[in-house]
Amino acid sequence: MTVIINGTDSSATTPALTGGTAGTSTGPYFPATNQWAVSTNGTQAMLVDASQNVTLSGTLYANLPNTFGFKNRFINGAMVIDQKNAGAAITQTTSRLSVVDRWQIYGSIASKFTAQQNAGAVTPPAGFNNYLGITSSSAYSIAATDIFYLTQWIEGFNFADMSWGTANAQTVTLSFWVRSSLTGTFGGSCVNSAENRSYPFTYSIAVANTWEKKSITIAGDTSGTWIGATNGVGLKLFFGLGVGTTYSGTAGAWAGALYLSATGATSVVGTNAATFYITGVQLEKGSMATLFDYRSYGTELGLCLRYYQTLPGIVVNPAASWLSITYVTPMRANPTVSGGGGGFTIDSASVYVGNFYQTTRAAQTITLSAEF
Amino acid sequence: MYKLIKNSNNEVSCVCRLADMACIPFDPANTDYQVYLAWLAKGNTPLPADTQP
């Protein structure tokens with residue numbers, strides 16, 4: 001059947017075809033000026049009004065895999081929680097150090113940069129109150145095997161549904177706000193737990209000292225071994241701050257090697273006093289970056305407590321006795337327990353409970369760490 | 001340097017990292033324990049545990 005519609009060219013405000021009702025038919029019609037509708041079975045199903053609002057008569061079923069639930073797989077992506085350092089600056093060492101909760105820094109040579117929540121006290125991008133600031137401590141020329149990075153490792157339980165390492169690997173999109181005193185091409189990488197699968201990526205910063213939003217879509221890895229639903233590392237995400245050629249790879253492609261950044265990326269530690277600020281970091285399922293999933297403070301803190309928490313003011317009464325304490329939140333793994341003064345002994349610690357012995361009655365503060 | 005720690009049953013239940021007196025559980029998922037295992041693999045030996053009260 002051939003359908004011929006006779007009319008003239010029209011504009012958005014003056015459609016060539018007007019009029020009509022839902023009637024008993026199924027199809028599009030124009031119920032009023034500047035309105036467009038679709039009916040099914042004689043009833044209006046959808047109306048687009050003159051203000052571009054869309055009204056649906058029935059139930060919306062949409063393929064929006066990343067809109068509900070735990071959309072952002074990063075924890076503390078807005079850099080709000082800082083239990084360990086409480087806003088104080090830390091100097092990078094050759095061990096991975098926690099900065100704000102869940103975010104860690106590392107460098108193959110010590111003391112090349114500092115990291116601090118809200119370093120430099122600039123205004124965060126609209127909608128955010130915090131950011132993580134990196135400041136270079138010198139003008140260091142990186143060697144081939146040098147590595148300087150900011151990272152968050154996502155737990156397997158929180159990433160397993162991406163099905164990486166299978167034919168059903170899901171596409172993900174990384175988005176974040178970034179601001180630097182430097183301009184140019186910067187790099188990072190997605191890496192598996194075994195560190196033998198990498199996806200280097202690049203992003204450009206066009207204007208110095210200006211917040212810019214970036215998004216990078218990554219086709220899921222159908223090869224390699226990726227940790228499934230366990231408390232191991234599901235994904236390691238690195239932002240390169242200066243990565244030598246040995247650990248830099250071609251951007252935009254999966255590789256069977258350990259790459260922590262993209263070839264040719266800017267080295268932040270290469271310029272004395274260079275700044276690199278970041279916030280609103282989100283990793284979500286799908287090929288589109290959506291609005292940042294700004295979770296409640298209590299929710300975000302609760303998520304962080306699985307990896308690090310402090311138990312203040314523990315007192316065993318009477319003295320010279322045992323005490324078992326159930327944590328605020330069960331931890332990712334049996335935690336490393338630190339703290340406690342004289343006469344205080346840490347006996348053991350499971351995922352749920354810590355057992356302590358105290359000979360002198362005094363308040364003790366201990367910390368529990370189950371970080372990666 | 002590390003030192004073994006005994007629990008109330010006089011069983012070795014964790015290892016103390018003497019640098020900061022942190023108590024590290026014998027949990028393969030604990031990254032501090034992974035570092036301890038690497039330290040052992042280099043031929044090092046922890047200090048023996050004291051008897052718990």
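Me: Which element gives the most to the lining of the largest pocket?
Reply: In this predicted model, that element is α1(B), which contributes 4 residues to the lining of the largest pocket.

Me: And which elements supply at least two residues each?
Reply: On chain A they are β6 (97-98), β7 (104-107), β21 (336-339) and β24 (364-369), and they are joined by α1 of chain B. In terms of domains, at least three lining residues come from each of domain 2 (90-299) and domain 3 (307-369) of chain A.

Me: How much space lies in that largest pocket, and which residues are closest to its centre?
Reply: The largest pocket holds about 690 Å³ of space. Its lining has 24 residues, and those closest to the centre are Arg96(A) and Phe372(A) from chain A, with Arg17(B), Thr31(B) and Asp32(B) from chain B.

Me: What is the lining like by class?
Reply: For the largest pocket, the lining counts 11 polar residues, 7 nonpolar and 6 charged.

Me: OK, cavities now. How many of 30 Å³ or more turn up in the whole structure?
Reply: The search finds 1 cavity of that size, and about 60 Å³ of space lies in the largest cavity.

Me: What lines the largest cavity?
Reply: Its lining is made up of Lys84(A), Ser98(A), Val99(A), Val100(A), Asp101(A), Arg102(A), Tyr308(A) and Glu371(A). By class, that lining of the largest cavity divides into 4 charged, 3 nonpolar and 1 polar.

Me: Switching topic: how many disulfides are there over all chains, and where?
Reply: There is 1 disulfide over all chains, and it is formed by Cys14(B) and Cys23(B), whose sulfur atoms are 2.4 Å apart.

Me: Is that disulfide left-handed or right-handed, and why?
Reply: The disulfide of Cys14(B) and Cys23(B) is left-handed, because the torsion about its S-S bond is about -105°.

Me: Where does Leu258(A) sit?
Reply: Leu258(A) belongs to the loop of chain A that runs between β16 (248-249) and β17 (261-262).

Me: Which residues is Leu258(A) in contact with, leaving aside neighbours within four places in sequence?
Reply: With those neighbours set aside, Leu258(A) is in contact with Val191(A), Glu195(A), Ser198(A), Thr246(A) and Tyr247(A). As for Ser198(A), it is 60 residues from Leu258(A) along the chain, and yet the C-alpha atoms of the two are separated by 5.8 Å.

Me: Last topic, confidence. What does the model score for ipTM and pTM?
Reply: Both ipTM and pTM come out at 0.84.

Me: And what is the mean pLDDT of each chain?
Reply: Chain A has a mean pLDDT of 90, with 91% of its residues at 70 or more, while chain B averages 89, with 96% of its residues scoring at least 70.

Me: Where does pLDDT stay under 50 in chain A?
Reply: That happens over residues 1-16 of chain A, for which the model has 7 contacts beyond four places in sequence.

Me: Which elements of chain B have the lowest and the highest mean pLDDT?
Reply: Among the elements of chain B, the lowest mean pLDDT, 88, belongs to strand β2 (residues 12-17), and the highest, 96, to helix α1 (residues 31-41).

Key:
Residues numbered from 1 in each chain as written. Chains lettered and ligands numbered in written order. Predicted model: local features only at pLDDT ≥ 70, side-chain atom pairs only at ≥ 80, totals over all residues. Heavy atoms only, no water. Contact = heavy atoms within 4.5 Å. pLDDT = per-residue confidence, 0-100. 1 Å grid on protein atoms, 1.4 Å probe; cavity = no way out; pocket = protein on both sides within 12 Å on 5 of 7 lines; lining within 4 Å. Points joined across faces, edges and corners; volume = space filled by probe spheres on them. Nonpolar A, V, L, I, M, F, W, Y, C, P; charged D, E, K, R; others polar. Domains from an automatic or database assignment. Disulfide = S-S within 2.5 Å.
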